[in-house]
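Please read them beside the sequence and the structure shown here.

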Amino acid sequence: MKKTLLVGLGYAVFAMVATITMLLWKFPYQDFNFWVLHKVNTPQSPIRLHVDTISPSYLPPGLALGNAIIIPKALQTTFNIPLLKLSLPLGDLVAAHPGIKVGGAIFGGDFSGSLAVDNLTGPEKFYFSLSSDDCDISAIPELEQMLKSKISGLLECDIRLEGRTHPLTVDTGKGNLTLLDAVVDTRMPFLKGGHIPLGKIDLDFTVDGGRINVTQCRFNSKQIKGELAGSIIPGRTLADTSVDLRGTYQIDPSLIDTSHLRDKSIIDLLNKKKKMPLNVTGKLPSLYIGFF
């Protein structure tokens with residue numbers, strides 16, 4: 001009896017695997033590609049998507065999108081992903097909010113995430129997560145245009161967001177961003193060499209009602225260290241985004257060309273390595289950075 005049950009179970013598993021394999025093999029991927037692009041690239045969509053090819057991905061079962069180009073309308077930047085994998089793990093089918101998982105390589109690093117939508121208990125909501133490792137942010141040309149300064153470093157992140165899909169609104173969330181070996185090249189005349197070695201930048205934030213609360217932003221290197229806190233209010237585009245971060249910093253006097261400073265009290269504070277106020281305020285991309 002037990003042997004018969006095991007044989008029957010084995011045949012059932014084999015049949016399921018064979019069926020899934022056949023569906024992945026015979027699936028009309030080119031037609032599906034056109035359908036996906038038609039559904040995603042609508043005037044109401046927050047992104048534009050282009051995909052060269054769609055093919056099966058077997059482990060885990062899912063789809064592999066070749067040469068995917070994602071353009072978030074609000075960010076006004078382009079993300080080129082050579083291979084984007086989409087999957088629906090079988091274990092997620094019984095989860096509270098089943099959804100798809102994504103993964104791939106971008107900017108020399110790796111990323112993974114998930115997206116789930118729930119419209120059973122009320123207005124349609126989404127649940128989004130994203131994590132990344134060793135992404136080189138200097139490979140994002142739009143970032144330099146936005147900040148008016150070149151910044152380099154390896155980005156690691158862990159982000160969780162929840163919100164509504166119509167209209168697209170982020171209601172709650174939290175996250176951490178870590179930038180390793182961060183260096184900012186700037187045209188500020190009082191900085192020797194024209195760059196600031198910030199070392200490690202560690203930023204924690206929460207989201208409440210669409211407002212981003214930066215609970216802490218710390219940077220630390222041999223030459224400079226400091227911390228900031230405040231808020232960021234996203235606009236419909238980056239140019240409408242308001243930033244209000246305030247804190248303090250200490251900097252090695254050897255990085256400063258004091259001939260450009262007229263206030264002797266500031267020079268005295270620098271020489272004594274005292275904490276000084278630091279403010280980052282205004283709208284992107286015309287931020288005001290107050291060092292003294």
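1. Pairing at P56. In strand β3, the residue that bridges to P56 is L63. The strands that carry this pair, β2 (residues 53-57) and β3, run antiparallel and share five bridges. Strands here are DSSP runs of E with at least two residues, numbered from the N terminus, and two strands count as paired if DSSP finds at least two bridges between them.

2. Basis of the note. This is a predicted model, in which local features need pLDDT of at least 70 and side-chain atom pairs count only at pLDDT 80 or more, whereas totals for chains, interfaces and linings use all residues. Residues are numbered from 1 along each chain as its sequence is written, and side-chain values use heavy atoms, with hydrogens and water left out.

3. Other partners of β3. Strand β3 spans residues 62-72, and eight of its 11 residues are buried. Buried means under 20% relative accessible area, exposed means over 50%, and partly exposed lies in between (1.4 Å probe, protein chains only). Strand β1 (residues 47-50) is antiparallel to β3 and is joined to it by four bridges; within this pairing, L49 has I70 as its bridge partner in β3. Strand β4 (residues 79-87) is also antiparallel to β3, with eight bridges between them. There, A64 is opposite K85 of β4.

4. Nonpolar core. The largest nonpolar core comprises 51 residues, and L198, Y249 and I251 have the most contacts inside it. Strand β10 (residues 195-208) contributes the most to this core, namely six residues. A core in this sense is a set of buried Ala, Val, Leu, Ile, Met, Phe, Trp, Tyr and Cys residues joined through side-chain atoms within 4.5 Å. As background, nonpolar side chains tend to be buried together in soluble globular proteins.

5. Surroundings of L198. Which residues are in contact with L198, leaving aside its neighbours within four places in sequence? They are A182, V184, F219, N220, S221 and I224. Contact means heavy atoms within 4.5 Å.

6. Salt bridges. The count of salt bridges is four, where a side-chain nitrogen of Lys or Arg must lie within 4 Å of a carboxyl oxygen of Asp or Glu. One of them links D158 to R160, with N to O at 2.7 Å; D158 is partly exposed at 38% relative accessible area, and R160 is partly exposed at 40%. Another joins R164 and D171, whose closest N and O atoms are 3.0 Å apart. Of this pair, R164 has a relative accessible area of 35% and D171 one of 22%, so R164 is partly exposed and D171 is partly exposed.

7. Q216 and R218. Residue Q216 belongs to strand β11 (residues 211-220) and is buried, because its relative accessibility is 19%. Its side chain makes a polar contact of 3.1 Å with that of R218. A polar contact is a pair of N or O atoms within 3.5 Å; within protein, one must be able to donate a hydrogen and the other to accept it, and residues adjacent in sequence count only if both atoms are side-chain atoms. R218 also forms a salt bridge with E227 (3.5 Å, N to O). R218 is partly exposed at 45%, and E227 is partly exposed at 37%. Not counting residues up to four places away in sequence, Q216 touches D202, L203, D204 and L228.

8. Cysteines. A disulfide requires two cysteine sulfur atoms within 2.5 Å, and a search of the whole structure finds zero. C157 is buried at 9% relative accessible area, and C217 is buried at 9%.

9. Two serines. Is S132 buried or exposed? At 8% relative accessibility, S132 is buried; it lies in strand β7 (residues 125-136). S132 touches D110, F111, L155, E156 and C157, apart from residues up to four places away in sequence. S286, in strand β15 (residues 286-290), is exposed at 57% relative accessibility. The C-alpha atom of S286 is separated by 8.5 Å from that of A239, 47 residues apart along the chain.
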